[in-house]
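Here is a short briefing on helix packing and on pocket lining. Keep the structure open while reading.

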Amino acid sequence: MLDSTAPFQSLPDETKTWLRPLFKDVAYPKAHRLYLQNHSGMEGFDFVLEGGYEGYFYDRNQKKRRVEIYGPGVWFGGISYLYNKGISLQTVDTLPDTKVLRIGKDDFFKLCEEAPSFRNHFVREFGERMLDPEFVHFIKGATYYPQQNNITSDSFYAHKVDALNPRELVTCPENTPIMEAAQLMTEEKTSCIFVTNDAGEIVGYATDITLRDLVIGKNMPTSAPIREVMKSDMVSIDTEAYIYESLLLMFQTKTRYLLVSKNGKYVGFISRNKLLSEQSQSPFLFIQSVKQATSIPELKEKWAQVPAIVEQLLQRGVRSETVNEVVTTVSDTIALRVIDDVIHQVGPPPSKFVFMTLGSEGRKEQTLKTDQDNAIIYEDKANEQRELVREYFLDFADKVSENLNAIGFSFCKGGFMAKNPKWTHSLSHWKRNYDAWMMESTQETVMKYSTFFDKRPIYGDFSILDELHEYMGQQLEAPLERFFYNMATNALQYEPPLTFFRGIRTFTVGEQKVFDIKKAMTPIVDITRVFALKNKIFLTNTGKRLEALAENDIITEEELLELKQAYYYLMGLRLDRQAKQIMLDKVEPENFVSIESLTKIEKVTLIEIFKVIKNFQMKVKIAFTNTIF
């Protein structure tokens, strides 16, 4: 009977032979409570022979929700072992006259190691269930981290996209009738077809959802060419990228399919389902659960789990710039849920607008010590509507900021947030702001310009920000000389904490000698921003700005390598310390690093990094202040 089940079919014969004696017979003559959700440890991994299990969740009113019957021929317990540390995700009752075959936890994980296809059966099942909002709601207490001996976790962080064996492209010419394209998709058993032009270049794609929504849903004739319904917002990734990078890219771009390129040529594609099925330990299933959160308390709980994810990623050697992106993606996802909820509460906006993040979040360099940095730009309206529009967005901004504060994103002490009426305005008003900041060009105004240069849209009509960027580009054609002088002076405000004898300068907090790692990193951020402004590079991320400066010969390739290594080493150290402060010390994270907590190697590395930063500061002094003193 075992041989008839899908997971067991894929096992090698020698594994089946090894496995059979390990199963023991277990009988439950009468109905009784077997497990209590998120409380009872699993007694084993079961295959149901007769009778079955009834699994469900209790809601707050102690009513059964999502009742499922696991009858004969069904495996039970794999998801709880892989994703909840062996604690039952559901409440489970046995049905009368139930008989099962059972193996223990250790044998289950051994089987997962020997037969990845067996393990992937449950990985895929869990990924599919995570798309169900009700399921996500009831497992919010789950850890999402499998046991340490599950080999999938390591392969997920070590393997590259090429290891996924991307599927060959299924293509059709853009003039192909929709009916023929759909038939080809059926023949090839694919849910995505790529569309080519006369030169054979991929210019778009269509999915089963495209056919449902744009053809069947809108009663479009199937004789029409596929180009009329294809999408052109294609996203691609190189075969040398890591698997976790591809899934992060999918979440950021909200795409279900990635084109895979090798040596500049498309060689295949991978789907989100494929990626989810290839891993059983990552923060990305967690991000999916954040998307499904339905209340402020639930979102607050999600944000509280982020430090553990950060620590997990760092321990596995994931680059700190990628960890930044994960934190930012979770933060963005929470903000989008809040914004959607507020719009549902107050009604649709009376004009187009864009909600943007600023500062470290705008640069996608968010850490665990964070506050709100955001603003709103809305389109200009006629005089008679102007006050009504402004009234709406001020109320909207206040509610969004209050909810974010309740979740754990505290109010910005400097007031750089949409809740402040100064930072929620029409596009024309924002243009006047930038005019004033550039014309006045004081230390205070260039600081505001700097903060609002690091802006990134996350909700609304992004073209509004494009128009503002175009306006800023015109401003920067002939800026006042003192503007860049003041900008550079601000960038030189913080010096690397080096002593005269090339040691690390500290100050005392309580009984510890510490240095401020945020201030140590600030010169790289500020100086990179000055050069980006000077050269009208509107990228926001510090690493991306540095790469663009190298491409434009503003800095050398050697400087690029040194500065990126310096910046992200400091970022990794900062994130690691903050995660440990939250998880182990149970205190609010801070940016102070105790000199005594560093190893000798870390101290030597930091000193070399501070030398690199000091040389970088010399470059900006010469370029913008005409002095080396």
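In this predicted model, helix α8 (residues 178–188) packs against helix α9 (residues 208–216) at an angle of about 150°. Their axes lie 11 Å apart. Angles over 145 degrees count as roughly antiparallel, so α8 is roughly antiparallel to α9.

**Helix pair α8 and α9**

- The crossing of the two helices, α8 and α9, is left-handed.
- From α8, the contact is made by Ile178, Ala182 and Met185.
- From α9, Asp208, Leu211 and Val215 make the contact.
- By class, the residues of this contact between α8 and α9 are five nonpolar, no polar and one charged.

**Largest pocket: volume and centre**

- The volume of the largest pocket is about 1,600 Å³.
- Its lining is made up of 48 residues.
- Which residues of the lining are the closest to the centre of the largest pocket? They are Ser360, Lys369, Asp371, Asp373 and Lys518.

**Largest pocket: lining**

- Elements that give two or more residues to the lining of the largest pocket are α13 (296–304), α14 (306–315), α16 (359–362), α19 (443–453), α21 (481–491), α22 (517–534) and α24 (557–583).
- Helix α22 gives the largest share of that lining, with eight residues.
- Sorted by class, the lining of the largest pocket holds 20 nonpolar, 13 polar and 15 charged residues.

Conventions:
Residues are numbered from 1 along each chain as its sequence is written. This is a predicted model: local features need pLDDT of at least 70, side-chain atom pairs count only at pLDDT 80 or more; totals for chains, interfaces and linings use all residues. Side-chain values use heavy atoms; hydrogens and water are left out. On a 1 Å grid over the protein atoms alone, a cavity is a set of points where a 1.4 Å probe fits but cannot get out, and a pocket is an open set with protein on both sides within 12 Å along at least five of seven lines; lining residues have an atom within 4 Å of a point. Grid points are joined across faces, edges and corners, and a volume is the space filled by probe spheres set on the points. Helices (H or I, at least four residues) and strands (E, at least two) are DSSP runs, numbered from the N terminus. Ala, Val, Leu, Ile, Met, Phe, Trp, Tyr, Cys and Pro count as nonpolar, Asp, Glu, Lys and Arg as charged, and the others, Gly among them, as polar. Axes are lines fitted to C-alpha atoms, for helices over the stretch in contact, and angles run from 0 to 180 degrees between N-to-C directions. Angles under 35 degrees count as roughly parallel, over 145 as roughly antiparallel, 65 to 115 as roughly perpendicular and the rest as oblique. A crossing is left-handed if the near helix is turned anticlockwise from the far one by less than a right angle, and right-handed if clockwise. Contact means heavy atoms within 4.5 Å.
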